[in-house]
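The following exercises are to be worked with the sequence and the coordinates at hand. Each task is followed by a solution in steps.

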Amino acid sequence: MKPPTIAPDRLPALLAAMPKAELHMHIEGSLEPEMIFALAARNGVALPYASVDELRRAYAFSDLQSFLDIYYQGASVLLKEEDFYDMAQAYLSRVAAENIVHAEIFFDPQTHTARGVSMETVIRGLSRACADARARHGISAALILCFLRHLSEEEAFETLEAALPFREHFIGVGLDSSEVGHPPSKFARVFARCRELGLHIVAHAGEEGPPDYIWQALDLLGAERIDHGVQAVHDAALMARLAAERVPLTVCPLSNQKLRVFPDLANHNLKSLLDAGLCATVNSDDPAYFGGYVNDNFRAVFAATGMTARHAWQLALNSFEASFAPAADQARWRDQLGEAFERAAAA
Ligand SMILES: [Zn+2]
């Protein structure tokens with residue numbers, strides 16, 4: 001199937017209107033400053049910021065670590081099941097309006113269990129929001145549990161054990177947080193156990209870390225999808241493998257810009273990844289912190305790099321292909337994509 005021709009001036013509206021899946025977003029990274037303040041008030045948590053504006057001004061990051069420091073502070077307002085529900089509900093209702101048809105949502109249980117919040121509280125709140133979103137907004141959503149890589153292998157094993165009573169509420173596991181100095185190899189045994197349990201495997205690799213981390217994620221963890229992966233361009237053999245095996249990369253343009261992975265969005269390599277035949281997708285990572293949700297990412301990266309409707313078509317198709325959703329759902333979304341392009345061509 002080939003997309004109909006779209007006039008360039010219709011492209012921005014089409015980017016917003018076309019159906020798409022989001023596969024790389026951390027639900028704790030969807031906490032808007034307003035919600036952080038509202039939950040802090042509801043739970044009696046003291047914040048080191050006087051106002052919503054002051055907190056928003058603190059979102060000037062220089063690298064991944066400077067972001068993570070504020071991110072963990074923001075998550076400290078999440079205490080009760082209702083808080084997790086409200087956070088996920090806010091994200092899902094927002095992105096349903098952005099024509100996201102499917103979301104695979106990362107959550108970081110260790111950020112919460114370390115503060116005395118139970119695994120059950122976290123998972124039940126998030127899972128209920130996912131179920132309700134399907135009924136309310138027609139959007140399908142699934143959870144992926146992420147291990148914090150700056151913590152130990154032992155702590156990852158403990159987290160997995162604590163989550164297993166709620167196994168039916170998440171579809172896979174991932175690896176996130178501070179990348180450099182914490183290679184995938186550190187968690188090879190944890191992921192081996194997760195594969196035995198039949199969990200899907202994804203991992204952050206090649207955001208700030210070297211291409212070698214991507215090789216490790218594939219060969220030592222069994223990753224089915226690489227989160228970020230933009231550093232792959234520095235390794236020709238890796239690029240060839242990613243293209244040949246159609247290993248998806250969940251790319252996050254505004255995050256890369258905000259954390260200075262690229263000097264400027266105009267230098268972003270998303271277009272080269274697509275043109276090299278890789279299954280790259282567009283995602284928001286931590287939308288409240290990095291300046292936008294999925295449609296903001298599409299709008300900004302297309303404006304900066306001059307990608308065309310053909311790239312938009314491929315990115316939407318890639319997002320369905322890269323998802324863990326059933327084939328029948330993917331086929332339905334492809335039909336909806338064709339319809340969105342037909343409407344844009346006829347408008
Ligand atoms: Zn991420």
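**Exercise 1. Length and surroundings of helix H7**

Determine whether the span of helix H7 (residues 119-137) in this predicted model agrees with its number of residues, and state what its buried residues pack against.

Solution. 
- Step 1. Helix H7 has 19 residues, and at 1.5 Å a residue these should span 27 Å.
- Step 2. Buried positions in H7 are Thr121, Val122, Ile123, Gly125, Leu126, Ser127, Ala129, Cys130 and Ala133.
- Step 3. After H7 comes glycine 138, with a positive phi near 70°.

**Exercise 2. The packing of H5 on H7**

Describe the geometry of the H5 and H7 pair and the make-up of their contact.

Solution. 
- Step 1. Two quantities describe a pair of packed helices: the angle between the axes and the distance between them.
- Step 2. For H5 and H7 the angle is about 30° and the axes are 7 Å apart.
- Step 3. The crossing of this pair, H5 with H7, is right-handed.
- Step 4. On the H5 side the contact includes Phe84, Tyr85, Ala88, Leu92 and Ala96, and on the H7 side it includes Val122, Leu126, Ala129, Cys130 and Ala133. Charged residues also take part, among them Glu81, Glu82 and Asp83 of H5 and Arg124, Arg128 and Asp132 of H7.
- Step 5. By class, the residues of the contact of H5 with H7 divide into 10 nonpolar, five polar and six charged.

**Exercise 3. The annotated positions**

Where does UniProt place the feature "binding site", and why can these positions be said to gather at one spot?

Solution. 
- Step 1. The unreviewed UniProt entry places "binding site" at His24, His26, His204 and Asp285.
- Step 2. These positions span 262 residues in sequence, yet no two of their C-alpha atoms are more than 11.7 Å apart, so they gather at one spot.
- Step 3. Histidine 26 lies in strand S1 (residues 20-26) and is buried, with 26 other C-beta atoms within 10 Å. Apart from neighbours within four places in sequence, histidine 26 is in contact with Phe106, Asp108, Asp176, Asp285 and Asp286.
- Step 4. Histidine 204 is found in strand S5 (residues 200-205) and is buried, with 30 other C-beta atoms within 10 Å. Its contacts beyond four places in sequence are Gly174, Leu175, Asp176, Glu179, Asp227 and His228.
- Step 5. Aspartate 285 is in the loop between strand S8 (280-282) and helix H14 (287-290). Aspartate 285 has a positive phi near 65° and counts as buried, with 29 C-beta neighbours inside 10 Å.
- Step 6. The annotation "active site", also from an unreviewed UniProt entry, covers Glu207. Glutamate 207 lies in the loop between S5 and helix H10 (211-219) and is buried, with 24 other C-beta atoms within 10 Å.
- Step 7. Glutamate 207 touches Glu179, His228, Val230 and Val261, leaving out residues up to four places away in sequence. Glu179 and His228 are also among the contacts of histidine 204.

Technical notes: Residues are numbered from 1 along each chain as its sequence is written. This is a predicted model: local features need pLDDT of at least 70, side-chain atom pairs count only at pLDDT 80 or more; totals for chains, interfaces and linings use all residues. UniProt positions are given in the numbering used here, feature names are shortened, and annotations may be inferred rather than shown by experiment. Helices (H or I, at least four residues) and strands (E, at least two) are DSSP runs, numbered from the N terminus. A residue is buried if 20 or more other C-beta atoms lie within 10 Å of its own, exposed if 12 or fewer, and partly exposed in between; C-beta atoms are placed from the backbone. Two residues are in contact if their C-beta atoms, placed from the backbone, lie within 7 Å. The expected span of a helix is 1.5 Å times one less than its number of residues. Axes are lines fitted to C-alpha atoms, for helices over the stretch in contact, and angles run from 0 to 180 degrees between N-to-C directions. A crossing is left-handed if the near helix is turned anticlockwise from the far one by less than a right angle, and right-handed if clockwise.
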